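Colleague: Please take one part of this model and go through it closely for me. I'd like to hear how its residues sit and what they connect to.

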Amino acid sequence: MLESVGALTGGPWIYVMVALSVLLDVFLPVLPSGVLVITAATAAAAGSATGRVSPDVPDILALTLCAAAASLVGDLVAYRLAWRGGARLDRAIARSRRLTHAQERLGQALARGGGALVILARFAPAGRSVVSLGAGAAHRRARDFLPWSALAGLAWAGYSVALGYFGGQWLGATWLATGVSVLALFAAGAGAVYVVRRQPKTA
């Protein structure tokens with residue numbers, strides 16, 4: 001397993017791949033950034049289990065910081081693009097009831113200091129895109145949004161890396177461990193969607 005996973009995650013290029021995937025999935029939520037992070041963390045668990053230090057095995061701390069930083073940069077790019085989007089983006093959001101509702105909820109949450117919504121949305125499918133673009137389109141202050149975005153990225157990256165690493169430790173460095181970890185990530189996303197939808201509306 002170590003050899004097969006290492007073929008995908010070996011060397012310093014894994015950090016470049018993770019950074020690009022995480023950065024771009026704010027615009028293309030179909031990118032498997034979470035799966036890539038988990039696979040790299042599973043490879044790290046495999047290297048730890050064998051007791052050998054190899055440059056082909058990703059470093060857990062570096063992997064976490066790489067994913068978290070790329071998440072924040074991607075959010076910032078989306079936020080600034082939406083900020084400058086002007087009337088065209090406003091009209092696009094207005095045509096979507098879901099985006100309009102999400103933008104209103106985001107504004108209410110940020111006004112109350114309820115940045116937990118930003119963190120929850122990071123785990124929900126496409127939630128990161130809605131939050132980052134919505135915050136920019138609504139011209140929310142960067143100081144109200146970006147600290148929560150940074151915390152959300154760190155929470156998501158830490159959770160994803162932990163799933164891959166401990167899954168590999170407990171289930172062995174197998175594709176089964178990777179699959180179970182990915183399912184746990186999807187379960188967290190489903191849970192985040194449920195919690196966000198259950199939040200009471202404010203007048």
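Modeller: Let's start inside H2, where Ile14, Val18, Ser21 and Val22 are buried; buried is under 20% relative accessible area, exposed is over 50%, and partly exposed is in between, with a 1.4 Å probe and only protein chains counted. These residues take up an arc of only 95 degrees around the axis, so they are on the same side of H2; the arc is that of the directions from the helix axis to the C-beta atoms. The background is that an α-helix has 3.6 residues a turn, so residues three or four places apart point the same way.

Before going on, a word about the model: it is predicted, with local features needing pLDDT of at least 70 and side-chain atom pairs counting only at pLDDT 80 or more, while totals for chains, interfaces and linings use all residues. Numbering runs from 1 along each chain as its sequence is written, and side-chain values use heavy atoms, with hydrogens and water left out.

H2 has the length you'd expect: at 1.5 Å a residue, its twelve residues should span 16 Å, and the end C-alpha atoms are 17 Å apart, which agrees. (The expected span is 1.5 Å times one less than the number of residues.) As for what counts as a helix, it is a DSSP run of H or I with at least four residues, a strand is a run of E with at least two, and both are numbered from the N terminus. By that rule the chain has ten helices and zero strands, and buried residues make up 41% of its 203 residues.

Trp13, Val16, Met17, Leu20, Leu24, Phe27, Leu28, Val30, Val73, Val77 and Leu81 form a nonpolar surface patch with about 1,000 Å² of accessible area together. The elements giving two or more residues to this patch are H2 (13-24) and H4 (60-83), and H2 supplies the largest share, five residues. Patch members need over 30% relative accessible area and no salt bridge; nonpolar side chains (Val, Leu, Ile, Met, Phe, Trp, Tyr) are joined within 5 Å, like charges within 9 Å. The areas come from the Shrake-Rupley method with a 1.4 Å probe, only the protein chains shown counting as cover for residues. From H4, Val73 qualifies because it is partly exposed, at 40% relative accessible area.

Asp25 forms a salt bridge with Arg128, with the closest N and O atoms 2.2 Å apart; a salt bridge is a side-chain nitrogen of Lys or Arg within 4 Å of a carboxyl oxygen of Asp or Glu. Asp25 is in the loop between H2 and H3 (33-50) and Arg128 is in H8 (residues 127-137), so the pair ties together parts 103 residues apart in sequence. Asp25 has a relative accessible area of 9% and is therefore buried; Arg128, at 5%, is buried too.

Arg128 has a further partner: its side chain meets that of Asp75 in a salt bridge (2.6 Å, N to O). Asp75 is in H4, so this pair ties together parts 53 residues apart in sequence, and Asp75 is buried as well. The search of the whole structure finds three salt bridges, one of them between Arg141 and Asp144 (2.8 Å, N to O). Shared partners join Asp25, Asp75 and Arg128 into one network.
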